[in-house]
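Okay, thanks for coming, everyone.

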Amino acid sequence: MTPELGQLSLILALCLATVQAILPLLGAAQGRADLMALARPAAVGQFVFVTAAFLILVQAFLVNDFSVLYVATNSNSALPAAYKVAAVWSAHEGSLLLWIAILSGWTFAVAAGSRHLPDVFASRVLGVLGIVSMGVMLFTLLTSNPFERLQPAAFEGNDLNPLLQDPALVMHPPILYAGYVGLAVPFGFAVAALLSAQLSQEWARWTRPWTVGAWVFLTIGIALGSWWAYYELGWGGWWFWDPVENASFMPWLAATALIHSLAVTERRGIFKSWTILLAITAFSLSLLGTFLVRSGILISVHAFASDPARGLFILVLLSVISGGALILYAMRAHRMDQDGGFQPLSRESFLLLNNILLIFAAGLILIGTLYPLFVDALGMGKLSVGPPYFNLVFLLPTLPLVFLMGVGMHSFWKTMPKSVLVNRLKIPIILALLFGVGLPLVVFGRATILTLVGCVAGMWVVVTAMLEPAQRLIRGEGSISKIRRSQWGMMVAHFGVGIFILGVTVTSSYSIETDQARAPGDSWELAGYQFVFRSTRDVMGPNYQAVEGEFEVRKGGRLLTVLTPQKRVYRVQQSPMTEAAIQSGLRQDIFIALGDSLGGGAWSLRVQYKPLIRFIWLGALIMAFGGILAISDTRYYRRQKQDQSQSPHDIDASVEKIV
Amino acid sequence: MSRYLIPVMILGVLAIFFARGLTLNPGYVPSPLIGKEAPSFKLPQLKDPSLTLGSEDMLGRLSLLNVWATWCVGCRQEHQYLNEMAQNNTIPIYGLNWKDDRATAVNWLNTLGDPYIASAFDGDGRVAIDWGVYGAPETFLIGQDGSVIYKHIAPLTNEIWEMEFMPLIREHCQKFSCSYGDLE
């Protein structure tokens, strides 16, 4: 009976979403306050029923209700409880319900946090979000019902895919979806602005924290996915340019561009139609990702079970939502553009270049991802596009982007005197060159040109990001406490980008990856570390059995750690899994994974030394932290009136040029 | 207004490609062997290793070469249909028992029925490599002249037989005037 209640909740939520989609938009168009007043209650009601439906599905997993097809397919009574919860979103139907739950959560947040917005505008935003909810709920109920019964009920479930039985994977989908789906909010703001055919600078100020919020989740979600791939897939790689990874990375690039473009629109009132277009594009790329993952249109390691009917439904959904917004854009956008006027050397120019390069990067990834499809659809054969393409083409826009980043951070709005800029950046340039070239040569004793370029770029961003507070500290040029939260956010996020670049460069330049055949008793040396293969033993887990190897890692004769990688076989699905053992440190990771038994006690081993690999995820987390700092700035939450009372002259001059 | 139309036009083009893409199967990789002479092989037979089965034995008649193994779930799925085909004398079916254990494989045929005229035992999978096999089950349609007409990946069903194999067989036999009367 309970699963049917879940389905009923979802149907009721769909009804409320329909109310939320139609009536407030109608009310806004006709100026009827009674219809507009329905937006918030409908959004709250929708949230309540979606949450109920979601919790009912979670409950079905926790009590092992194998009369529900989705539970029987993706869970097992021996599965640890945390993974039973994670199993809720481990396959198509449940993850779609998670998508809906998160969208209704964002909608609820907008309903609660939009009291300071004009009613007409808030009604339109909620109406647009209602349309998106409606589409996705219809999709779920018509093609992918997670509450479908299995007759007769199964005695035991088919278990969760062992690859997904991992702590990072418990967190990764909800956080990633929170980012993906959160981009619906700036999308709603953009469409609402188009509907009212006007866009004020306040609009940009309202939209910024929501965009940054979604971006923070997206950043953490992508980083978690990459971290999981690193230690769970057993290859020691951290990014594979898989279509599904690209599907999350393209919205991230577009959202990053949007954050920067919003800054210009808010401060200077220009780039308006471009900002709107970016907001539409970012969410459209999210929907596109959903389509690519769930339609089976591309080959990917983590695509869901494919079904052309589902693919067609999402394609129609994508066409209606994005297509509708873009048609509206084509009709209204020309009314928004106005010339603000800025010099070629100004913060506006650098942010414009930032946007062009980020979108160029997203475009190149989109082309690479879809190229096999284009070629196949044109009947020109079958091919695949691999990491060599992406690694190369991604450098084209990102290298100039990174160098411009440091300059842009220190430019004034409107116009930037060249001499001031040069004067300001003299020391960072010297420091970046010194450390970027010096450190890799001193520490590793060798470097290719690309390695040096990468290290200089990373150092450049790190140094320029922290220049402002450093100067205040060292030279006493104003107090550090006067730096605004949003300014800190910008600097910290950019600092994270620098850390990330250093991590990527050093890891890809100096990693040592070996495949070895070793038996217990063997010892060998790699990258200055001594390894001893002590023994192997059998281990029983809650729902798997495993062979565990025991390895000593020594440096200079001193025992650093004992690593115990496992080769697991999960009982239900009988699939072998590699659990790598990693000695992780800020400076380097030592990575050992058991391959296959070679007979006679010998094993094939994957032994890797990965310097600075933690910087990759650390950098991403610092970026996200910067985003959180920026959102916490009070100026986004001040009432309009108070804000106007503060004249621009009150603002500290150096803050003005930075923010 | 024209430049503001560009984004929606890009979306339109993408949507057309996506709609087309939904009808395609990205996992399907056509065999480069199609239209060419089948790779020759000669292997001991599964049930009686003293006998051999080779590509020469398949000449003269249209036939199927079915790659199977006892560890393969899809093979179990299609086995009933293969049995039916053998009973109805639809087409001669040869088996290529791939990377399998001989005793287990013989036992499987004794339990589930043996639709094959004979199965070749490819324990180390070398012949399968020549044939470009990357999974089981795979079914090759071989012409009476020893050429590869078609390769089907995934379990064989009556629907696939009628929709994919029969049109090719008719076309092939018109060209080479082979009889396919008993196939209809």
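Let's start with helix 3 (residues 39-62) of chain A and helix 6 (residues 92-112) of chain A: their axes come within 9 Å and cross at roughly 150°. Before I go on, this is a predicted model, so local features need pLDDT of at least 70 and side-chain atom pairs count only at pLDDT 80 or more, while totals for chains, interfaces and linings use all residues. Residues are numbered from 1 along each chain as its sequence is written, and chains are lettered from A and ligands numbered from 1 in the order in which they are written.

A few words on terms. Helices (H or I, at least four residues) and strands (E, at least two) are DSSP runs numbered from the N terminus. Axes are lines fitted to C-alpha atoms, for helices over the stretch in contact, with angles from 0 to 180 degrees between N-to-C directions.

So how do helix 3 and helix 6 of chain A run relative to each other? They're roughly antiparallel; the scheme is under 35 degrees for roughly parallel, over 145 for roughly antiparallel, 65 to 115 for roughly perpendicular, and oblique for the rest. The crossing of helix 3 and helix 6 of chain A is left-handed, meaning the near helix is turned anticlockwise from the far one by less than a right angle; clockwise would be right-handed. On the helix 3 side of chain A, the contact residues include Phe47(A), Val50(A) and Phe54(A), and helix 6 of chain A brings Leu97(A), Ile100(A) and Phe108(A), among others. Contact here is C-beta atoms, placed from the backbone, within 7 Å. By class, this contact of helix 3 with helix 6 of chain A has 12 nonpolar, 6 polar and 1 charged. For those classes, Ala, Val, Leu, Ile, Met, Phe, Trp, Tyr, Cys and Pro are nonpolar, Asp, Glu, Lys and Arg are charged, and the others, Gly among them, are polar.

Now move along chain A to helix 17 (residues 449-465), which has two partners to show you. With helix 19 (residues 485-510) of chain A, the axes come within 8 Å and cross at roughly 160°. That makes helix 17 and helix 19 of chain A roughly antiparallel, and their crossing is left-handed. Among the residues that meet there are Gly454(A), Gly458(A) and Val461(A) from helix 17 of chain A, and Phe495(A), Gly498(A) and Leu502(A) from helix 19 of chain A. That contact of helix 17 with helix 19 of chain A splits into 11 nonpolar, 7 polar and no charged.

The other partner is helix 16 (residues 418-444) of chain A, whose axis comes within 8 Å of helix 17 of chain A and crosses at roughly 140°. That makes helix 16 oblique to helix 17 of chain A, and this crossing is right-handed. The contact of helix 16 with helix 17 of chain A has 14 nonpolar, 3 polar and no charged residues.

On to the core. Which residues have the most contacts inside the largest nonpolar core? Ala184(A), Ala254(A), Ala255(A) and Ile280(A), in a core of 209 residues. Helix 10 (residues 201-232) of chain A gives the most to this core, with 17 residues. A nonpolar core means buried Ala, Val, Leu, Ile, Met, Phe, Trp, Tyr and Cys residues joined through C-beta atoms within 7 Å. Buried is 20 or more other C-beta atoms within 10 Å of a residue's own, exposed is 12 or fewer, and partly exposed is in between, with C-beta atoms placed from the backbone.

Next, the chain A to chain B contact. It takes 25 residues from chain A and 17 residues from chain B. Helix 13 of chain A gives the most to the chain A side, with 11 residues, and that side divides into 17 nonpolar, 6 polar and 2 charged.

A cis peptide bond joins Gln151(A) and Pro152(A), with omega about -10°. Pro152(A) lies in the loop between helix 7 (119-143) and helix 8 (167-182) of chain A. Asp159(A) is found in the loop between helix 7 and helix 8 of chain A too, and its phi is near 80°, a positive value in a residue other than glycine.

How values were computed:
Two residues are in contact if their C-beta atoms, placed from the backbone, lie within 7 Å.
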